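Let's take a walk through this fold together, from helix packing to an opening in the protein. Please keep the viewer at hand as you read.

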Amino acid sequence: MLASFYQNFLEKYLNKAQLITLKMLVWLLQNQKQVRIERLAATLPLPIQQNSRRRHIQRFLTLNALSVVLLWFPIIEAIINRHFQVGSQLAIAMDRTQWKENNVLMVSVIYQKRAWPIYWCLLEKDGCSNLTEQQKVLRPVIRLLKTYKLVIIGDREFHSVELAHWLQNQNLSFVFRQKKDTTYRQKGQKFQPLSSIEIYPGIRQFYPNVKFTQKRGFGRFNLGVYWKRKYRGKQEKEAWYLLTNLPDLNTALKIYGQRFGIEAMFKDCKTGGYNLEASQANPDRLVRLIFLIAVFLD
């Protein structure tokens, strides 16, 4: 059942009947590890026919009160305040995953090699996100966590210098992995692709004050290059090229290395856990199902 920690938040926005339904769904999700509405309806402990239970769940999942901003934000803010001191540094990971026809863009906070989802949205398309969509999911998180020092991290999908420039203008830190065909230029040199840098396992290079891409007006950032040494017979296939405004390579590597916590969180949501890929819920209901699952990831 729901921990008392959540109870106070939920009672502010849900009436008694809605709160009872939420508790039952939370209990079913926790025990069934299943988000298919038909399956939940079959096991929902209400004295009505299954079709009625299915419609009851569908109506519940469209409630305006189940808004991520209205209901989840105060909960995740309280969770973060319990585990981090105000003013401390938070690693905020951006990532996107495709769950069959559902394309989910998510922002999470990393804690002890795990990711807690903060805000998410469904993209109305397949494939990568663009700058506008990335700003859309980041703005609410930046406002919510304004009392912390945020470092935004992302894989090669989020490599754009435009995103880095936007965050820099808000005095935020970032580490974004780059594609090796990205061009860069050190002072006094010509533009060249990152692939032109001589690399080898074990390389650790830091290039300060580098210009990325040949577009004008984006200033200079720092470049970190790292290729992990062979360890226990395993060798990483590729080097990391990192665009950052952090002051040194060790800091950038330590922060970016936390990004992989989001992979474990996505596994919890997908076939390794709640099987969201099998959900046939419409986008609005799916967003709210993710909220119910997020409660368990604390």
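The model is predicted, so local features need pLDDT of at least 70 and side-chain atom pairs count only at pLDDT 80 or more, while totals for chains, interfaces and linings use all residues. Residues are numbered from 1 along each chain as its sequence is written, and side-chain values use heavy atoms, with hydrogens and water left out.

Two packed helices are described by the angle between their axes and the distance between the axes. Start with helix H2 (residues 16-32) and helix H4 (residues 50-60), whose axes come within 11 Å and cross at roughly 105°. H2 and H4 are therefore roughly perpendicular to each other (65 to 115 degrees). From H2, Gln18, Thr21, Leu22 and Leu25 meet His56, Ile57 and Phe60 of H4, contact meaning heavy atoms within 4.5 Å. This contact has four nonpolar, three polar and no charged residues.

Now turn to helix H6 (residues 131-144) and helix H7 (residues 161-169), which pack at about 25° with axes 11 Å apart. H6 and H7 are therefore roughly parallel (angles under 35 degrees). Here Leu131, Gln134, Gln135, Leu138, Arg139 and Ile142 of H6 meet Glu162, Leu163, Trp166 and Leu167 of H7. By class, that contact has six nonpolar, two polar and two charged residues.

Finally, look at the largest pocket, with a volume of about 300 Å³. A pocket is an open set of points on a 1 Å grid where a 1.4 Å probe fits, with protein on both sides within 12 Å along at least five of seven lines; lining residues have an atom within 4 Å of a point. Its lining includes Asp155, Arg156, Arg177, Trp227, Glu236 and Phe260. The lining divides into five nonpolar, no polar and seven charged residues.

Notes. Axes fitted to C-alpha atoms, helices over the stretch in contact; angles between N-to-C directions. Helix = DSSP H or I, 4+ residues; strand = E, 2+ residues; numbered from the N terminus. Parallel < 35°, antiparallel > 145°, perpendicular 65-115°, else oblique. Nonpolar A, V, L, I, M, F, W, Y, C, P; charged D, E, K, R; others polar. Points joined across faces, edges and corners; volume = space filled by probe spheres on them.
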